Amino acid sequence: MGKDKSKYEIIDTEAKDVLSTAVSDVGYWQWWDEAEGDFMVEFGGVLLYDETKKGKQPRSSTIAISFWGNSFLVFLDNNEDSSDWIDYLHKDMIDPFTLDPDGFIFDDKEYALDIMMRFNKRHGPFSSKDEAKETIMNSKSILAATCGDYGFIIGGDVCKVYGASGDISEEDIKRLSKKWWDYWKDYYDKRDTEEAYEKDYACEVTIPVKN
């Protein structure tokens, strides 16, 4: 059975802006994968409400962002020697990389080209920077992100998002973002009570401002 490349495709700019903030605010890049020539990057500590959790379980999400059709993934780093981190990240053999809050951006091709030039090393399918530039500029959808001395550029014809319960639509992104902030308030309201949630990393580092 072929992939349904239209269902839940993420194209709305507002939804992508909400998703960018939800992922990069306190999130981390924890995995990547490739299947049938298409690429996926996975993140934890995401400020989208996980509706599969129950009781006192933390509600912050783990999500994956996948690109289908003419897909590519370029890894960037400032390491002087080894590129083993790429394989280690895929095999869950390395700690996740904390995302730079202002460095996680959809569909800004100039930004993607800029960070590609800023990093010392590039690992990916391209034989030259000119080939990489041409592919990035011609892609229908891209995501570029930095994590200190590491980063990536991923792109393709179709962008989709997955959570614990399956595909996440554009409407879901906006709804689950609002629902997470309601949960965040409830998390602090119930803290140090018998109804307290289990410790949630994303809530703990997103501290309320006290008057």
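A: **The open sheet and its helices**

Helix 1 (residues 13–24) lies across strand 6 and strand 8 (141–147), and its direction runs at about 160° to that of strand 6. Helices (H or I, at least four residues) and strands (E, at least two) are DSSP runs, numbered from the N terminus. Axes are lines fitted to C-alpha atoms, for helices over the stretch in contact, with angles from 0 to 180 degrees between N-to-C directions; contact means heavy atoms within 4.5 Å. Helix 3 (residues 109–118) also packs on the sheet, where it touches strand 4, strand 6, strand 7, strand 8 and strand 9 (150–156). The direction of helix 3 makes about 40° with that of strand 8.

The model is a predicted one, in which local features need pLDDT of at least 70 and side-chain atom pairs count only at pLDDT 80 or more, while totals for chains, interfaces and linings use all residues. Residues are numbered from 1 along each chain as its sequence is written, and side-chain values use heavy atoms, with hydrogens and water left out.

The sheet itself is open and is formed by 5 strands in the order 6-8-9-4-7, with antiparallel pairing; two strands pair if DSSP finds at least two bridges between them. Strand 6 and strand 7 (121–123) are at the edges with a single partner strand each, so one side of each has no neighbour in the sheet. On average, neighbouring strands of this sheet are turned by 15° against each other, direction ignored. Strand 4 (residues 72–77) and strand 7 run antiparallel and are joined by 3 bridges. Leu76 has Arg122 as its bridge partner in strand 7.
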